[in-house]
Amino acid sequence: MSGKYTIEYAKSGRAKCMACKEPIDKDEVRQGVQVTMPGSDTSSYKWRHLGCMTAKVVQHIGSPEELAGLEDLDEEDQERVRQLFESPPEAKPRAKKGKKAGGEGEGEAEEEAPKPKAKKGGGKKKAAEAEEAEGEEEAPKAKKAKKQPAAKKGKKKAAEEEEKAEEEAGEEEELPAAEEEEEQEEEEEEPAPTKKGKKSGGKKSGGKKSGGKNRHRFPPRPQMLQMSPDESEAGAPASEAPLGIWQLPEDALVNVLGHLELQERLTTAALVCRRLRDLCLIPQLLRTVRVEATGGRVLPVARSLLPWLGRHAPHVRRLTLRLELHDIAPEAERSELGAAIVGCVMACGAVGQLQELELEDGTADAPLSWLPALRSLRRVEAHGSDLRLTADASRHGALRDMRLDCGKLIVDAAARLPLSLTSLSVCDHISAHMPEQLALVPGLRRLSISCAAYSAHSMAKLARLTALTRLSLDGLEYCPPAASLAALSSLRHLRFSILPPFGPARAVTGELAAALPSMQHLTYLAIKGNGPLHQVVAALPQLQRLFVWREAEAAAEQLPLPPGFPRLRCLGLDWRTTAASVPALAAMPELQELCLPDAPAKGSVAEAQWDAFWAWAATHPPLRSLCLASDHPDRSRNTVCSHMSLASLRLQRARPALLVAQRTDCPLSLKTAFYGSD
């Protein structure tokens, strides 16, 4: 046990005095001592009234300064405490306890009721008679309490036991024994007093005493210390047991529930108890709703989702649906699912809070007739085999980003895209003509058309989009006319690639070569195709990132010498052109990243060019990263030949700060240009 003392005003009226066993009223001054339960590291406080402090307790504490919390008392109460230490009270008679093993109870009784001393000159005979009379009076009581035969004690032995009992009583006054602590905790936990005759430790109860022997029928189990709120506030250490989930505050529980999918929250967590059910339905957790189902579960999920959204739609900000029927599903089921999807979208749009909508792959095809009604929608992404725009949404004032990925995009003559659009992405695999409505958005700044077979004539309408700053034409079969591309003089970002089996690559790059001189604001250019572009590209003064991916059989070209590429920072070229353009690379003052797709083995390059390139890479100060890729037929292996590996290893040792990596480890700017989206 430890001996930390404290004094304070009682936080409540539940604690009892360890001396008089009476409750300590709230706001009454109380003195406490810190105790540790046997066999445990947890500790707590035992309290007593200020008036129940005896001279021996005062002596053990020593001085008022040893009492923690003394300065928090009122000046009047502080003065009372100091007077108590200056003039300690005499010991008050205490209730007699049953005699404990070793004569402990007898010592306590003798301390509480001091024996009358024999008068001087009375002789030894009178003193002996008094002691014998007292021994005869206490023997029956001790026999009744512990049911042990009383033994006659001599004068010397009685004196020694009396001395020992006084010491034990003093220790008990300071720190209660383990049995009294357990009993005190039981009394504090139980609101009603225990029955008479059932208390342990030898205390009076209804005129009967029970000894400490055989108090429990079974061995006592270790118990966790339970502290009252007032004891916790007094500074007692909290229990070491970890907090359970129900002790967490609501904001922490909401954070935990937010990591679960919506379906798991509503079908599992919400069924645990009423508290979790209410937390699962708070607006914070309903802002993003994602529903997925396939096969036979699609229609039941769609039917139950519609009324649920009718109740909680005001809180939904983002809705994602992925409801995929089997390929052999009958047409009636597909029609029902399409109607259910339209109903779910309209339920969210009716309250005007939905901001993002995603209809992912597999979701049943449905006309986008709901678009004008979703006034608060800012972003929409729709996937399907067929997408059909049927309504005039030109007055929609909030929509900024639209992405349409479909097998075939059908746009009715009366349909119009929102004039508020700034970003449009279209993936149309089947249509042969670009819809005219795509070019009727004058404020459009970003346009991406991929995997489309639009004719060159239909793409001539792109010239109307003079506000475009980013244009991406990926996997097209035909190239837009040079005149329409030249009209896009505000472009800063251009990415272009054509499908080799269809379009003539040299003709495509020829169209670009005719249009590029008018694009003086370009800072990013990524082209996949063959043709004499480097001389034209060198005339772009603002160009900072250039990526040209040529076919393997294309002849090597040489980059122009200065003043070409004064601001170029990132360059991606085929190995043949790079090896032939070492003088031009050395003249690029800001070149920091270089990517070499399809790097060949040493034998396929002239020895002088091979050595010149590695010498440049080792001495060009601005260079920070070099990305290499293999020319192996199996592109998925992403390995380089042994000669290339040895050369890059020597380069890495010569310049430890230089990043030398293969294709999968390329910096994002290079990896994005060739293998990902912009």
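**Loops, helix packing and aromatic pairs in a predicted model**

Cys-451 is placed in the loop that runs between strand 10 (446-450) and strand 11 (470-476). The model described here is a predicted one, and in it Cys-451 has a positive phi of about 50°, although this residue is not a glycine. Most residues other than glycine have a negative phi. Lys-21 is found in the loop between strand 1 (5-9) and strand 2 (29-36), and its relative accessible area of 27% makes it partly exposed.

Turning to the protein as a whole, the model contains 20 helices and 18 strands. Of its 678 residues, 44% count as buried. When contacts with a separation of 6 or more are considered, residues 24 or more positions apart account for 54% of them.

Two packed helices are described by the angle between their axes and the distance between the axes. For helix 11 (residues 298-312) and helix 12 (residues 331-350), the axes come within 9 Å and cross at roughly 20°. This angle is under 35 degrees, and helix 11 and helix 12 are therefore roughly parallel to each other. The crossing in which helix 11 passes helix 12 is left-handed. On the side of helix 11, the contact is made by Val-298, Leu-299, Ala-302, Arg-303, Leu-305, Leu-306 and Leu-309, while helix 12 contributes Glu-333, Glu-336, Leu-337, Ala-340, Gly-343, Cys-344, Ala-347 and Cys-348. Sorted by class, the contact of helix 11 with helix 12 has 11 nonpolar residues, one polar residue and three charged residues.

Ala-302 is buried, with a relative accessible area of 3%. If its neighbours within four places in sequence are left aside, Ala-302 is in contact with Leu-323, Leu-337 and Ala-340. The C-alpha atoms of Ala-302 and Glu-336 are separated by 9.2 Å, although the two residues are 34 residues apart along the chain.

Another helix pair is formed by helix 18 (residues 607-619) and helix 19 (residues 642-654), which pack at an angle of about 30° with their axes 10 Å apart. Helix 18 and helix 19 are therefore also described as roughly parallel to each other, but their crossing is right-handed. The residues that make the contact are Trp-610, Trp-614, Ala-617 and Ala-618 of helix 18, together with His-643, Met-644, Ala-647, Ser-648 and Leu-651 of helix 19. By class, the contact of helix 18 with helix 19 has seven nonpolar and two polar residues, and no charged residues.

A search of the whole structure for aromatic pairs finds five of them. One is formed by Tyr-524 and Phe-547, whose rings are 5.8 Å apart from centre to centre with 50° between the planes, an arrangement classed as tilted. Tyr-524 lies in strand 13 (residues 524-528) and Phe-547 in strand 14 (residues 545-549), so the pair ties together parts that are 23 residues apart in sequence. Tyr-524 counts as buried at 4% relative accessibility, and Phe-547 counts as buried at 1%. In a further pair, the rings of Phe-613 and Trp-616 have their centres 6.0 Å apart and their planes at 35°, so this pair is tilted. Phe-613 and Trp-616 both lie in helix 18, where they are three residues apart, or about one turn of the helix. Trp-610, Phe-613, Trp-614 and Trp-616 form one aromatic cluster, and two of its members, Trp-610 and Trp-614, are among the residues through which helix 18 contacts helix 19.

Both Phe-613 and Trp-616 are buried, and for Trp-616 the relative accessibility is 5%. Leaving aside its neighbours within four places in sequence, Trp-616 is in contact with Val-582, Leu-585, Ala-586, Leu-591, Leu-594 and Leu-623. The C-alpha atoms of Trp-616 and Pro-583 are separated by 8.9 Å, and these two residues are 33 residues apart along the chain.

Key
Residues are numbered from 1 along each chain as its sequence is written. This is a predicted model: local features need pLDDT of at least 70, side-chain atom pairs count only at pLDDT 80 or more; totals for chains, interfaces and linings use all residues. Side-chain values use heavy atoms; hydrogens and water are left out. Axes are lines fitted to C-alpha atoms, for helices over the stretch in contact, and angles run from 0 to 180 degrees between N-to-C directions. Helices (H or I, at least four residues) and strands (E, at least two) are DSSP runs, numbered from the N terminus. Angles under 35 degrees count as roughly parallel, over 145 as roughly antiparallel, 65 to 115 as roughly perpendicular and the rest as oblique. A crossing is left-handed if the near helix is turned anticlockwise from the far one by less than a right angle, and right-handed if clockwise. Contact means heavy atoms within 4.5 Å. Ala, Val, Leu, Ile, Met, Phe, Trp, Tyr, Cys and Pro count as nonpolar, Asp, Glu, Lys and Arg as charged, and the others, Gly among them, as polar. Rings of Phe, Tyr and Trp (its six-membered ring) pair if their centres lie within 6.5 Å; planes under 30 degrees apart count as stacked, over 60 as edge-to-face and the rest as tilted. Buried means under 20% relative accessible area, exposed over 50%, partly exposed in between (1.4 Å probe, protein chains only).
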